[in-house]
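Work through the exercises below with the structure in view. Try each task before reading its solution.

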Amino acid sequence: MFDHITAPDPDPIIRIMGLYLDDTRSDKVDLGVGVYRDAHGRTPVMRAVKAAEARILETQESKGYTALAGDPAFRAGMAGLLLGGAVSEDRLACAGAPGGTGAIRQLLELVARANPDATIHVPAPTWPNHPAIIAAVGLKMAEYRYFDTATGGVDMDGMLADLGRAARGDVVVLHGCCHNPTGADPTPQDWAAIAAVLEQTGAVPFIDMAYQGLGDGPDEDAGGLRHLAARLPELLVAASGSKNFGLYRERVGLAMAICSDPARRDAVAGTMAWLNRQNFAFPPDHGARVVSTILDDTQLRGAWLDELAEMRARLQSNRRALAEALRAETGSDRFGFLAGHRGMFSLLGAGPEAVRRLRDAHAVYLVDDGRLNVAGLGPGNIARVARAIAEATG
Ligand code: LMR
């Protein structure tokens, strides 16, 4: 049976994780996979998470099954965090899923059932797992222009022109905030223009919200999503609790479909629960329960928001420090765009040769496309990383 099976190549992010782990140099720097790190290079369990876990340990009396769509308190809490009341609850179909990735998979399976002819439009570039999952589900994919390498910003003219060619019933994947891998996000005006073109074509937006709170703040980061949700009849949202709650390995995700009217909601919600049943039956509960415990308690929520703000401030300060160190090293402002980006990632504009040299000669790990995770920087390595980047890209 297995005579002809060959292992698919790992995606570029997973490959770099492996290379980094295998490197025995003590001064290696991990700017690869998208996990948050503190100034000591650790990925901490957030304080509010620890407190919520202690409370759950003390009070939880059963590990019996939840609903196929997951714990209702988790669904409601996440819907509130994402939408801030922009859409009435009777239009929302939600299901818990194993992580943001699981939510993407479930929603694309929903699309495959609702409109198997849909083309899924993704930004160029995008997270490598988007095309992989689209192919696995058997849907068609097209790229739209997104990143302007000359300015380090969003190519709005190119994006709007390409999205204008989407067909009614197609799906347009948009990163809600902290675009992965570029770090370049649309402005509020840009979101309004995106909403207008979607309105005109009848294509359905699919917001991948994996970094809410790590850009400008939870509400600010959801501004684009809420604008689209207030204006368009249908939306898909895949949300992750991996990064903003630091719950990576617990696999916390929410799949959400916003329906045009309450009459359609039950059929969509029922399909989503059924899809969960086919794939994994019940979604993981522990991380989801941690999230709802935090969101539903004023004190824990406040503590979580405070720590999230600290994380966000650290990312921004790392960005500024790296941009400054690179200005000093190169005598130019060609990396100045780093300070203006949001979230963990930026595309450095380094070619594959430079990325390889950074890895081999300097033990500095970026993803092959030149994406760097600024969370891996700190006072102990910024000067060295800046010198290495200047040397390798010079
Ligand atoms: C990343 O982009 O590095 C993260 O989202 C982790 C992952 O699963 O790829």
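The model is predicted: local features need pLDDT of at least 70, side-chain atom pairs count only at pLDDT 80 or more, and totals for chains, interfaces and linings use all residues. Residues are numbered from 1 along each chain as its sequence is written, and side-chain values use heavy atoms, with hydrogens and water left out.

**Exercise 1.** Describe how domain 1 and domain 2 meet.

Step 1. Domain 1 covers 12-45 + 310-393 and domain 2 covers 65-296; such bounds come from an automatic or database domain assignment.

Step 2. In domain 1, 19 residues are in contact with 23 residues of domain 2, where contact means heavy atoms within 4.5 Å.

Step 3. One salt bridge is counted between the domains. A salt bridge is a side-chain nitrogen of Lys or Arg within 4 Å of a carboxyl oxygen of Asp or Glu.

**Exercise 2.** Which parts of the chain does the salt bridge of Arg384 and Asp27 tie together?

Step 1. The closest N and O atoms of Arg384 and Asp27 are 3.9 Å apart.

Step 2. Arg384 lies in helix α14 (residues 382-393) and Asp27 in the loop between α1 and β1 (29-30), so the pair ties together parts 357 residues apart in sequence. Helices (H or I, at least four residues) and strands (E, at least two) are DSSP runs, numbered from the N terminus.

Step 3. Arg384 is partly exposed at 24% relative accessibility, and Asp27 is partly exposed at 40%. Partly exposed lies between buried (under 20% relative accessible area) and exposed (over 50%), with a 1.4 Å probe and protein chains only.
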